[in-house]
Amino acid sequence: MKYDFTQLQSNKGVEIQGPILLNPKVFKDERGFFYESWNENDWKKILKTYNQSYKAFVQDNHSKSIKGVLRGLHLQKEPFPQGKLIRCTNGEIFDVAVDIRNNSPTYGDWIGVRLSSENKNQLWIPKGFAHGFLTLSDEAEVNYKTTNFWNKECEDCILWEDKTIAINWPIKEFNIENLLISSKDKEGKDLKEVL
């Protein structure tokens, strides 16, 4: 397989079922580097390892943000929930997934990882999670695959600073003086309101 991969622990130190951190094997020499950013056969094996069902990716998205941009926490409800495979191809972000599955023992818990063009890690976030990220570098480009098409009627947003979730965004650590948040995201709901 061309990846190392691990399941992650939540902010409470408990293994959270679903999200997977992937670290691709990168081949470097004096010319630069090469790696497979995604391989369907390997992807199916990774999902099988964690008893997750395979669903084909149907859409690729690409965003560019400057330092201090915080996007999220976004989700799509049934019947158009999305699984997302996220990577940062330029710069660095702090990427977050929040468990919003009602019957989950880790409901309301979150995981946060740094994704960058340097570490080339990717984060798989299955359906049943809200997603957001904070741009840590001067600028960052984020690419992600989704298992369902975007649907306006099914989209929703949880407030990035919801006190019941209490995400520890690394704002001070990266000397971010001004958060840049869309008006839509500023009007995000509390976790309980969304569900």
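The charged end of K145 sits over the ring of W38, 5.3 Å from the ring centre. By "over a ring" I mean that NZ of Lys or CZ of Arg is within 6 Å of the ring centre and within 35 degrees of the ring normal. K120 does likewise with F33: its charged end sits over that ring, 4.1 Å from the centre.

A word on the source. This is a predicted model, where local features need pLDDT of at least 70, side-chain atom pairs count only at pLDDT 80 or more, and totals for chains, interfaces and linings use all residues. Residues are numbered from 1 along each chain as its sequence is written, and side-chain values use heavy atoms, with hydrogens and water left out.

Back to W38. Ring pairs link W38 with W43, F57 and W124 into a cluster. Rings of Phe, Tyr and Trp (its six-membered ring) pair if their centres lie within 6.5 Å; planes under 30 degrees apart are stacked, over 60 edge-to-face, the rest tilted. By this rule the count is seven aromatic pairs. Take F5 and Y50. Their ring centres are 6.0 Å apart and their planes stand at 80 degrees, so the pair is edge-to-face. F5 lies in strand 1 and Y50 in the loop between helix 1 and strand 5, so this pair ties together parts 45 residues apart in sequence.

Helices (H or I, at least four residues) and strands (E, at least two) are DSSP runs, numbered from the N terminus. Two strands pair if DSSP finds at least two bridges between them.

Six strands form an open sheet, order 1-2-10-7-12-5, with antiparallel pairing. Its edges are strand 1 (3–9) and strand 5 (59–66), each pairing on one side only. On average, neighbouring strands here are turned by 25 degrees against each other, direction ignored. Axes are lines fitted to C-alpha atoms, for helices over the stretch in contact, and angles run from 0 to 180 degrees between N-to-C directions. Strand 5 pairs with strand 12 (residues 139–146) over eight antiparallel bridges. There, S63 has V142 in strand 12 as its bridge partner.

What lies across strand 1? Helix 1 (residues 40–49) does, at about 35 degrees to that strand, and it also lies across strands 2, 7 and 10. Contact means heavy atoms within 4.5 Å.

Five strands, open, order 9-8-11-6-13, antiparallel. Strand 9 (110–116) and strand 13 (155–157) stand at the edges with a single partner each, so one side of each has no neighbour in the sheet. Strands 6 and 11 run antiparallel, joined by four bridges. L70 stands opposite L134 in strand 11.
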